[in-house]
Amino acid sequence: QVHLVESGGGLVQPGGSLRLSCAPSGSIFSLGLMGWFRQAPGKQRDPERDLVASISSGGTPGYAASVRGRFSISMDNAKNTAYLQMDSLKPEDTAVYYCAGSRRRFPSARARMDGKNYEYWGQGTQVTVSS
């Protein structure tokens, strides 16, 4: 079974940067949508609400209000690989970050932000922002 594999997490000081990567573990058809979700410490995982950023294969990005202007998502369509550049990190960004993907394409921004619409998921990578 193909799933996604995240890398790039770690410990960083407030104000610092990290770059997450996400790639499939095996061969899959072209993905129409990729996204990053996160689960903060002590919170239940909620794919419907915890989107950080999404990007369509056409290059249209979407961001949660809390990260807009600080995070940037990109996608390499040929490799079905997504990246999340995280700058100006804050302690409240501390979470497990999950990559997700879908072979489907959604014209609606709301649909692209809903975790229920993603078929492929990674195991998560820990990001800790602390001094």
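## Model and confidence

Within the chain, confidence is lowest in helix α1 (residues 109-112), where the mean is 91, and highest in strand β2 (residues 10-12), at 98. The model is predicted. Across the chain the pLDDT averages 92, and 98% of the residues score at least 70.

## The four-stranded sheet

An open sheet is formed by 4 strands in the order β1-β3-β8-β7, with antiparallel pairing. The edges are taken by β1 (4-7) and β7. Each of these two has a single partner strand, so one side of each is left without a neighbour in the sheet. From one strand to the next, the twist averages 15°.

The pairings can be followed in sheet order. β1 and β3 pair in the antiparallel sense over 4 bridges, and glutamate 6 stands opposite cysteine 22 in β3. β3 is joined to β8 by 5 bridges, and these two strands also run antiparallel. Here serine 21 has tyrosine 83 in β8 as its bridge partner. β7 and β8 pair over 6 bridges, again in the antiparallel sense, and phenylalanine 71 stands opposite methionine 86 in β8.

## The disulfide

A search of the whole structure finds 1 disulfide. The bond joins cysteine 22 to cysteine 99, with an S to S distance of 1.9 Å. Cysteine 22 lies in strand β3 and cysteine 99 in strand β9 (residues 95-102), so the pair ties together parts that are 77 residues apart in sequence. The torsion about the S-S bond is about -75°, so the disulfide is left-handed.

Are the two cysteines buried or exposed? Cysteine 22 has 0% relative accessibility and therefore counts as buried. Cysteine 99 likewise counts as buried because its relative accessibility is 0%.

## Asparagine 80

Asparagine 80 is placed in the loop between β7 (71-76) and β8 (81-86), two strands that pair with each other in the sheet. Its relative accessibility is 7%; the cut-off for buried is under 20%, so asparagine 80 counts as buried.

Which residues does asparagine 80 contact, leaving aside its neighbours within four places in sequence? They are Cys22, Ala23, Pro24, Ile28, Phe29, Ser30, Leu31 and Met34.

## Arginine 19

Arginine 19 is in strand β3 (residues 18-24), the strand that also holds cysteine 22. At 46% relative accessibility, arginine 19 counts as partly exposed, whereas cysteine 22 counts as buried.

With neighbours within four places in sequence left aside, arginine 19 is in contact with Ser7, Gly8, Tyr83, Leu84 and Gln85. Tyr83 is also the bridge partner of serine 21. Arginine 19 and glycine 9 are 10 residues apart in sequence, and their C-alpha atoms are 7.5 Å apart in space.

Methods:
Residues are numbered from 1 along each chain as its sequence is written. This is a predicted model: local features need pLDDT of at least 70, side-chain atom pairs count only at pLDDT 80 or more; totals for chains, interfaces and linings use all residues. Side-chain values use heavy atoms; hydrogens and water are left out. Buried means under 20% relative accessible area, exposed over 50%, partly exposed in between (1.4 Å probe, protein chains only). Contact means heavy atoms within 4.5 Å. A disulfide is a pair of cysteine sulfur atoms within 2.5 Å. Two strands pair if DSSP finds at least two bridges between them. Axes are lines fitted to C-alpha atoms, for helices over the stretch in contact, and angles run from 0 to 180 degrees between N-to-C directions. pLDDT is the predictor's confidence in each residue, from 0 to 100.
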